[in-house]
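I opened my notebook to look up two things. How do helices cross here, and where do aromatic rings meet?

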Amino acid sequence: MNLFSKYQNYYKEILINLNTNKIFYKYYTEKKTYLDAHQLLIQVCHFIKTNSRSDKRLNIYVSCDKSFFMYVSILAILITNNIWIPLSKSLPKKRVQDILSGVRPDMFLCDSFDDHSAFKKYTKNIFSFDKIKKMNFFSKKLFLSDLIKKISLNEIAFIYFTSGSTGEAKGIKISHMNIISDIFEQKKHLYNFRNIKNSKDLVFGDYYDTAFSIFFDIFFPAIYMGAAISPAKTKSEIILPISHLKKNKISILVAVPSTMQRIKTYYGNKKIKHPLKVLIMTGEPFYLNILEYIFKTFNTQKIYNCYGGTEMSNWVYFHDCKKTDLKKYKNFNLVPIGKKFSKVKSTIIKNELIVSGPMISLGYVKKRLNKKNFILRKYSSTFFTGDLVEKKYGNIICKGRKDAQIKIRGYRIEVPYVEAKLRAIKYVDQCIVVQKKIKNYENHLVAVLKLNKKMSESKIINLASKELPHYMIPSKFIIKNKIPINSNGKIDRRKIADAI
């Protein structure tokens, strides 16, 4: 079986699932089966093809709340060999305009036409889900099996725009082959259900905006494995997901460590009763104190730390967490990112991790950005991650970004290392370190801390001096009752820096 035949099986497997009564979508008492999804999928595919006036592949933006129709629409765009572009409803208007100007939409799917009428200058083809539902497209028979044969596996499937928190939003082109190869690796390494008890009736919890890359690792494996997807729809469900998780019987949770930190702050050391079988941490540094908390309070069969990024669509390294990690990696206060997926090739040059493989994306929409980040090849590109790593006990530890290296009074400092050491201090719940100029003098480190017990600044400095050399100890400590987060539950570093 050649590479393309193998990857085509991804969509064939989905078609098999679409002919079953397995649950596709659940939100408390609201449930939809894969057969329901099949019927709606045919209707949306008909709609897209009816409104495609040429053989040109369309850029189709989707901006909407989490609904059964939304999930099916994304799949319809991919199956009709068009290009899906998620657009977050929480983005500022200026950011939305920058994105739409960079990749012009041919079609816009949304909850309500009124909410998006301002985008008429970019395209006249704005359609609400309600309007699509009312249309009748069944005059001509359409076979999904015929559509998937025409999918161009090595061409763009979707374009993801990064948040742009450190600069301009970068559109990243991801092919069907990129995402499918990554999902195959995830199933092989993370979802080996022979080692997990009671793995039937799997439910993925979806707590993230579709325009946030963690969504890949919920939607794409779920529809491939015939699992259900249960979205969070309210802010409280997203910020503190335990009630939603229990009532919707979530068995697979992909989350940022900040989510577990909030659960820890709210519930303390109380045992958490839940149906989780697999818990995956990703998207942020995973500190040992959070792993220790999970072991103490969550009775989860498997805990993984996964590493990657949108450019790698999405994970390339994983670590199967063990209690022995707490002692083994104490000096780092970080859970390792572990070992690479079997289809990934990697090397380390000047401490920077460089990865290659079929999951590496097609690069940025703005070609000028590719030169220093990618070596683009047809089936196995290379990406320079910009992450600094170290090998320890056969595993890789990600110590932070190259661009997080700064100089203070001539000393080279890695900010993530300082944060990890400060977080290891007893009673420090959260810690963010930023570089700021104080009174127009030279740069200084400023630490923003959230404590779970009152401590004086002199006490913190005294404890920090036992872990850090003098030049790494922040010149200023700011104690906060709450650390700001963004719409996807990650720590909002930019907001913290701007507020200091």
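**Entry 1: the aromatic rule.** I wrote the rule down before looking. Rings of Phe, Tyr and Trp pair if their centres lie within 6.5 Å. The model is a predicted one. By this rule I get 32 aromatic pairs.

**Entry 2: one pair up close.** I picked Tyr71 and Phe219. Their ring centres are 6.2 Å apart. Their planes stand at 20 degrees, so this pair is stacked, the cut-off being under 30 degrees. Where do Tyr71 and Phe219 lie? Tyr71 is in helix α3, and Phe219 is in helix α8, residues 216-225. The pair therefore ties together parts that are 148 residues apart in sequence. Are Tyr71 and Phe219 buried or exposed? I found Tyr71 buried, and Phe219 buried too.

**Entry 3: a second pair.** Next I took Phe374 and Phe383. The centres of these two rings are 4.9 Å apart. Their planes are at 45 degrees, so I call the pair tilted. Phe374 and Phe383 are both buried.

**Entry 4: a cluster.** I then went back to Tyr71 and Phe219. Both belong to one aromatic cluster.

**Entry 5: α2 against α3.** I turned to the helices. Helix α2 covers residues 34-50, and helix α3 covers residues 68-79. Their axes come within 9 Å and cross at roughly 55 degrees. That angle makes α2 oblique to α3. The crossing is right-handed. Which residues make the contact? From α2 I listed Asp36, Ala37, Leu40, Leu41, Val44, Cys45 and Ile48. From α3 I listed Phe68, Phe69, Val72, Ser73, Leu75, Ala76, Ile77 and Ile79. I sorted the contact residues of α2 and α3 into 13 nonpolar, one polar and one charged.

**Entry 6: α11 against α12.** My last stop was helix α11, residues 257-267, and helix α12, residues 288-297. The axes of α11 and α12 come within 10 Å. They cross at roughly 60 degrees, which means α11 is oblique to α12. Is the crossing of α11 and α12 left-handed or right-handed? I noted a left-handed one. On the α11 side, the contact uses Pro257, Met260, Gln261, Ile263, Lys264 and Tyr267. On the α12 side, I found Ile290, Tyr293 and Ile294. The contact of α11 with α12 holds seven nonpolar residues, one polar and one charged.

Methods. Residues numbered from 1 in each chain as written. Predicted model: local features only at pLDDT ≥ 70, side-chain atom pairs only at ≥ 80, totals over all residues. Heavy atoms only, no water. Axes fitted to C-alpha atoms, helices over the stretch in contact; angles between N-to-C directions. Helix = DSSP H or I, 4+ residues; strand = E, 2+ residues; numbered from the N terminus. Parallel < 35°, antiparallel > 145°, perpendicular 65-115°, else oblique. Left-handed = near helix turned anticlockwise from the far one by under 90°. Contact = heavy atoms within 4.5 Å. Nonpolar A, V, L, I, M, F, W, Y, C, P; charged D, E, K, R; others polar. Phe/Tyr/Trp six-rings, centres within 6.5 Å; stacked < 30°, edge-to-face > 60°. Buried < 20%, exposed > 50% of the residue type's maximum accessible area, 1.4 Å probe, protein only.
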